[in-house]
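Please look through the sequence and the 3D structure shown here before starting on the exercises. Each exercise sets a task and then works through a solution step by step.

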Amino acid sequence: MSEGYFYPQKMGRIILQGMEEIISRNGVNAVLNLASHGEYIGNYPPASPERSLPFKTISDMLAALEQAYGPRGGRGLALRAGRAVFTYGLREYGSQLGLTEMAFRLLPLPAKLHVGAKAFADLFNHQTDQAVRLEETDSHLFWHIERCPLCWDRHTEDPVCHLAVGLLQESLYWLSGGKIFNVEEIQCIARGDPACTISIEKTPIP
């Protein structure tokens with residue numbers, strides 16, 4: 001049942017803050033109206049760990065972003081919003097994850113990628129109803145979202161979890177001290193795949 005899975009209120013707030021940074025408060029208001037979630041206009045969810053924001057609400061907002069700006073425009077905006085979301089999320093969760101500790105910052109890059117990805121996945125698995133599974137090969141990290149709020153109840157032809165791609169892009173940029181990695185969603189539950197899988201090349205783009 002879609003109402004049975006939830007995000008913490010403060011993660012919903014962080015997503016809306018990230019969107020506002022990219023499309024302005026008026027843009028967010030228009031998207032919320034389009035998504036039939038006008039109750040959040042000027043009234044973002046509180047910065048509370050209470051796990052009570054339905055996955056469907058998150059999915060509705062991101063679907064409305066694409067509806068408002070078109071598939072291509074919505075994709076670009078969702079990627080940028082995801083990058084902004086990382087910045088807001090780091091302020092909220094960085095010390096808890098241990099990613100701002102000096103010992104972590106001094107790790108070599110491969111170790112940072114491994115430790116950072118695990119810490120990030122653990123955050124979602126323990127504090128939300130999102131289910132993340134990591135898979136690692138010599139050349140890639142695969143971020144499998146097996147229960148995904150970003151495309152909940154959606155049916156599309158192409159992958160649509162662009163916000164997660166942007167979030168991971170920015171996390172890698174931050175972890176590596178400014179390097180850019182190839183990050184791509186290669187499977188999406190919305191188009192019938194078993195999971196939303198994001199492929200991350202471990203070697204930065206030269």
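The model is predicted, so local features need pLDDT of at least 70 and side-chain atom pairs count only at pLDDT 80 or more, while totals for chains, interfaces and linings use all residues. Residues are numbered from 1 along each chain as its sequence is written, and side-chain values use heavy atoms, with hydrogens and water left out.

**Exercise 1. The overall fold**

Task: describe the secondary structure of the chain and its overall dimensions.

Solution. Begin with the elements, where helices (H or I, at least four residues) and strands (E, at least two) are DSSP runs numbered from the N terminus. The chain has five helices and six strands, and from the N terminus on their order is β-α-β-α-α-α-β-β-α-β-β.

Next, turn to the dimensions: the C-alpha trace spans about 45 × 35 × 30 Å along its principal axes. The radius of gyration is taken over C-alpha atoms, and the globule rule is 2.2 Å times the number of residues to the power 0.38. For 206 residues a compact globule would come near 17 Å, and the 16 Å of the chain agrees with this.

Finally, consider burial and contacts. Buried means under 20% relative accessible area, exposed over 50%, and partly exposed in between (1.4 Å probe, protein chains only); 51% of the 206 residues count as buried. With contact meaning heavy atoms within 4.5 Å, residues 24 or more positions apart account for 67% of the contacts with a separation of 6 or more.

**Exercise 2. The cavities**

Task: find how many cavities of 30 Å³ or more the whole structure holds, and describe the lining of the largest cavity.

Solution. The search uses a 1 Å grid over the protein atoms alone: a cavity is a set of points where a 1.4 Å probe fits but cannot get out, a pocket is an open set with protein on both sides within 12 Å along at least five of seven lines, and lining residues have an atom within 4 Å of a point. Grid points are joined across faces, edges and corners, and a volume is the space filled by probe spheres set on the points.

Three cavities of 30 Å³ or more are found, and the largest holds about 280 Å³ of space. It is lined by 22 residues, of which Met 11, Val 85, Phe 120, Phe 124 and Leu 167 are the closest to its centre. Helix 2 provides the largest share of this lining, six residues. Sorting by class, with Ala, Val, Leu, Ile, Met, Phe, Trp, Tyr, Cys and Pro as nonpolar, Asp, Glu, Lys and Arg as charged, and the others, Gly among them, as polar, gives 20 nonpolar, two polar and no charged residues.

The second largest cavity has a volume of about 120 Å³. Among its 15 lining residues, Gly 116, Ala 117, Phe 120, Ser 171 and Leu 175 are the closest to its centre, and helix 5 gives the largest share of the lining, five residues.

**Exercise 3. The largest pocket**

Task: work out which element gives the most to the lining of the largest pocket and which classes of residue are found there.

Solution. The largest pocket holds about 180 Å³ of space, and its lining includes Glu 66, Arg 72, Arg 75, Asp 158 and His 162. Helix 2 gives the most, with four residues. By class, the lining has three nonpolar, two polar and five charged residues.

**Exercise 4. The cysteines**

Solution. A disulfide is a covalent bond between the sulfur atoms of two cysteines. Here the test is a pair of cysteine sulfur atoms within 2.5 Å, and the structure holds zero disulfides. Cys 161 is buried, with a relative accessible area of 1%. In the case of Cys 196, the closest cysteine sulfur is 3.6 Å away in Cys 151, again too far for a bond, and Cys 196 is buried at 0%.

**Exercise 5. Positive phi**

Task: locate Ser 24 and Asp 153, and state the phi of each.

Solution. Ser 24 lies in helix 1, where it has a positive phi of about 80° although it is not a glycine; its relative accessible area of 36% makes it partly exposed. Asp 153 is in the loop between strand 4 and helix 5, with a positive phi near 65°, and at 47% relative accessibility Asp 153 also counts as partly exposed.
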